[in-house]
Amino acid sequence: MQTLIKNIKELVQVETGQPKLRTQGKEMAQVETVKDAYLLVEDGTIKAFGPMSGWKAESGKWKVDKEVDATGRMVFPSFCDSHTHLVYANSRETEFVDKIRGLSYEEIAKRGGGILNSAKATAAASEDELYDMARQRLDEAMRLGTGAIEIKSGYGLTTESELKLLRVIRRLKENSPMTIKSNFLGAHGIPMEYRGRQEDYVDLVINDMLPCVADEGLADFIDVFCDQGFFTVADTERILEAGIKRGLRPKIHANEMAVSGGVQVGVKYGAISVDHLEQMGDAEIECLKGSDTMPTILPGCAFFLGLPLSPARQMIEAGLPVAMASDYNPGTSPSFNMQLILSMACIRYRLTPEEALNATTLNTAYAMGVSHELGTIAVGKRANFFISKPMPSYAYMPYAYGENKVERAFINGQEI
Ligand code: NIG
Ligand code: FE
């Protein structure tokens, strides 16, 4: 099955040489494009692309089944959203109002709200109910241009409930065309009954939850909320060591509330990414240099909670890569709209449109271990892309914030 997208005003983020696995420092400002372009897809992968003037010569080689005319429109690779908590039961707008009235996120958490509030509702929901809610969210994210997503557990906090969440993620993987990675976040919050004896909860995560998760093959990654008021560096080390033994690569929630040591512990254990990073010092930036760990900023969370902005420019100027994901969850970032994250990258973090595109596609693909097959337009990669609404230039994409600029989305070459 061959599909031709023709007369594309500009095909954005192409790679003509050896595709990169991630982009960092000054390189992040580079985005290659082809104007007046075609894109040919065969059986779900990108087969060829180039200027329309070259298509005439090429066309004899191919037997195109379907043509899509993209006159006036741009084609972009789909967003990769490398950090979400998409499976949960209840929204939390009551806490949203509490926050407006002056309570902090940590105060709400201390009195049993926050993650524990979601855990209670999630425990009461059936696997089917959770699946149906999550599937709707996933489908909407696809329509907004997301083509790959990482989903965490973490609203279970009991073995039974964590497994339920991870089984929902497995069903999403089986039934959705989207590329999905699953992340076991048993260490997301400390249940009330474990207050004052947190080590016992860590024991439960390591000795009870993790063996079940690993035996059922339910997770690709293991995560810990390593932060002030949540899990300590020592807790994190124990959990990561156990997870790595079970074949799970770490991804860490680090430095949201405080300079927590989360970045250092992530780098030490070879985390694929350390995420949040609202609280960063020079030592954290230094520590990330030369590592394989992707620093991942979550602009939606900082926006929603009014947190300090992660020093994205400083990181890029230090030669680091930067990724930006949605952190979609009911407590700190109730939006999975990656178009909005792209805009925030430019507006709030002063990334150029090129840097912002790299941060939300190739670098997030890296942060979920799929950048060899997603994140840019390159021959042999999966055909996950979208056709924009008519627009004057690709900078319009982050510029016109709040508006849906995706007209038609394709996953594995199929329009969704
Ligand atoms: O990434 N920071 C920790 N976890 C989530 C929030 C979870 C919640 O409040 O429900 C986050 O922001
Ligand atoms: Fe998160």
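Tutor: Start with D327. A polar side-chain atom of D327 lies 2.8 Å from an oxygen atom of ligand 1. Keep in mind that the model is predicted.

Student: What makes the pair of D327 and ligand 1 a polar contact?
Tutor: The cut-off is 3.5 Å between N or O atoms. The D327 pair is at 2.8 Å, so it counts as a polar contact.

Student: How much of ligand 1 does the protein cover?
Tutor: It covers 100% of the 320 Å² of accessible area that ligand 1 has on its own.

Student: Which distances do Y155 and H276 give?
Tutor: For Y155, a polar side-chain atom is 2.5 Å from an oxygen atom of ligand 1. For H276, the value is 2.9 Å, again to an oxygen atom of ligand 1. With a limit of 3.5 Å, both pairs therefore count as polar contacts.

Student: Where does ligand 1 sit?
Tutor: In the largest cavity.

Student: What surrounds ligand 1?
Tutor: 16 residues do, and Y105, Y155, H188, E256 and T332 are the closest. By class, the shell has 5 nonpolar, 8 polar and 3 charged residues.

Student: How do you know that β9 and β10 pair?
Tutor: Pairing needs at least two bridges. Strands β9 (residues 221-226) and β10 (residues 249-254) have 6, in the parallel sense, so they pair. D223 stands opposite K251 in β10.

How values were computed:
Residues numbered from 1 in each chain as written. Chains lettered and ligands numbered in written order. Predicted model: local features only at pLDDT ≥ 70, side-chain atom pairs only at ≥ 80, totals over all residues. Heavy atoms only, no water. Near = heavy atom within 4 Å. Polar contact = N/O pair within 3.5 Å; in protein donor to acceptor, adjacent residues only side chain to side chain. Areas by Shrake-Rupley, 256 points an atom, 1.4 Å probe, with all protein chains shown as cover. 1 Å grid on protein atoms, 1.4 Å probe; cavity = no way out; pocket = protein on both sides within 12 Å on 5 of 7 lines; lining within 4 Å. Sits in = over half its atoms within 2 Å of the grid points. Nonpolar A, V, L, I, M, F, W, Y, C, P; charged D, E, K, R; others polar. Helix = DSSP H or I, 4+ residues; strand = E, 2+ residues; numbered from the N terminus.
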